Amino acid sequence: MGSILESIDIKNKLEDLSGVVLKPGENPYNALIEACDDEPAKIQALYAAHRTRRNAQQREKFLASDYTELIIDPFLLRLENPQIEPGFVCHTSSPRAAHKDTRHCMTFWGRPPIHVLELAEVIQKKLKDVAPNIWLMPLHRMHITTLEIAFSRTAEEINTLRETLRPAIPAVASFTYRHRARLVKPAISYDLSAFALSFLPAAGEPPLSPPPSAPDDGARVLRRGDPYTYHHLRRDVWEQARDAGVAVSSRYVVPSAHVTLGRYLTDEDHAAPEQRRRWVDAIDEINAWLETEVWDNAESRLVGEWVVGQEKGLDVRVGTLWYGGGRTVLLGEGF
C-alpha cells in the first residue's frame, strides 16, 4: 500500500506581505489596483515590497538558530527517485509514465519567450554551482501562473470546469495578444521549498524586449503600455472566467509574478549553517548582479524584460500541473 502524501502547500502558505486587504465578493485583483490609485509606479512598488519582505523573511528562516529542515515535496521526490516508493511511478510503454499524483488543476499559464528562458538558464546554473543537488525545472516546462482556476481536484471535477469554460477558452488563450502587459526587474525569490525568478510590473522603464515577430497586427491590440500592468491582466482574465460561469478558487492572490526555477530534493546542500549562509548569500549576490548588469540595460546580452504573450499566448492547461506537467487545452496566439 502506498504512503499518504501531504502537499507542501499545507506547510508552506504563500502569505501576502503587501499590506493590501481584499474585499469579499469582489474581483480580488481590484483591491491592489484601487489601493495604488491605478498608478503603475505604485503597483510596482507593492510588488517590490512583497518580494523584498518575503526574501528577508525567508533569509531569517534559513539562518535561524532553530532551523530544522527544508520543506521537500514528497510527490516530486518520488517522481525523481522511483526507488523510494516502488509503484508510485507506473512505468508503461508511453514516453510519459503514469503516476499516483492525483492533484488535478486548471490554470491559465503564461509561457516565457526564448530570451527569458535564456536568463532563467543562466541563473539556474549559478544556483546549481552553490547547491549541486537541487532539482531544476526543465526549461520547456517553465511558466507563470497568470490565473489558477482550481487546484487539487479530481480529474472529473476539472473536466466539468473545462466544459463550463469551453466557450470562453479561445478568447482567454489569445487575450494577451490584445492586452499586452510588461514585466521587468527580475530577481530570485525563495523559501524553504522552492526558488523562482520573479518580476515586477513595468512602470516607465526603457523597453528591452526583441520586437514582436512579423506580421504583428497592431490594430488588434486593445491595451498596451505600462498603465496596463500585469495585475490588470490578471484581473481581466479572472473576469473572463467568472463571466463564463466558473467560480475561481485560487490558492492565493498575492502580488507576485514568478517562474519556478527549481525545488529541493534533499537537505544535503543545506544541512550545515555555513551551507545555508552560502545559499542565501549567493542568492543576494545573483540578485545584485541582476540589478546592476541586467535591469534596464540595453547593452546586456541577457534581457530582463518580458511582455506576457510574446511568442506564445496564454496556455489553458489542465491535469497534474505541478512541476510543469499536465496538458494543454488551447495555446493562444503569440506576437
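The structure, a predicted model, holds 2 cavities of 30 Å³ or more.

**Second largest cavity**
- The space in the second largest cavity comes to about 30 Å³.
- Its lining is made up of Arg182, Val184, Lys185, Glu205, Pro206, Leu208, Trp295, Asp296, Gly304 and Glu305.
- Sorted by class, 5 of the lining residues are charged, 4 are nonpolar and 1 is polar.
- Strand E6, which spans residues 182–190, supplies the largest share of this lining, with 3 residues.

**Largest nonpolar core**
- The largest nonpolar core has 84 residues.
- Within this core, the residues that touch the most other members are Leu127, Ile149 and Trp279.
- In soluble globular proteins, nonpolar side chains tend to be buried together.
- Apart from neighbours within four places in sequence, Trp279 has contacts with Phe62, Leu127, Val130, Ala131, Ile134, Tyr190, Phe195, Tyr264 and His270.

**Ser174**
- Ser174 sits in the loop that runs between helix H6 (169–173) and helix H7 (175–178).
- Ser174 counts as buried because its relative accessibility is 17%, and buried means under 20%.
- When neighbours within four places in sequence are left aside, Ser174 is in contact with Gly332 and Glu333.

Conventions. Residues numbered from 1 in each chain as written. Predicted model: local features only at pLDDT ≥ 70, side-chain atom pairs only at ≥ 80, totals over all residues. Heavy atoms only, no water. 1 Å grid on protein atoms, 1.4 Å probe; cavity = no way out; pocket = protein on both sides within 12 Å on 5 of 7 lines; lining within 4 Å. Points joined across faces, edges and corners; volume = space filled by probe spheres on them. Helix = DSSP H or I, 4+ residues; strand = E, 2+ residues; numbered from the N terminus. Nonpolar A, V, L, I, M, F, W, Y, C, P; charged D, E, K, R; others polar. Core = buried A, V, L, I, M, F, W, Y, C linked by side-chain atoms within 4.5 Å. Buried < 20%, exposed > 50% of the residue type's maximum accessible area, 1.4 Å probe, protein only. Contact = heavy atoms within 4.5 Å.
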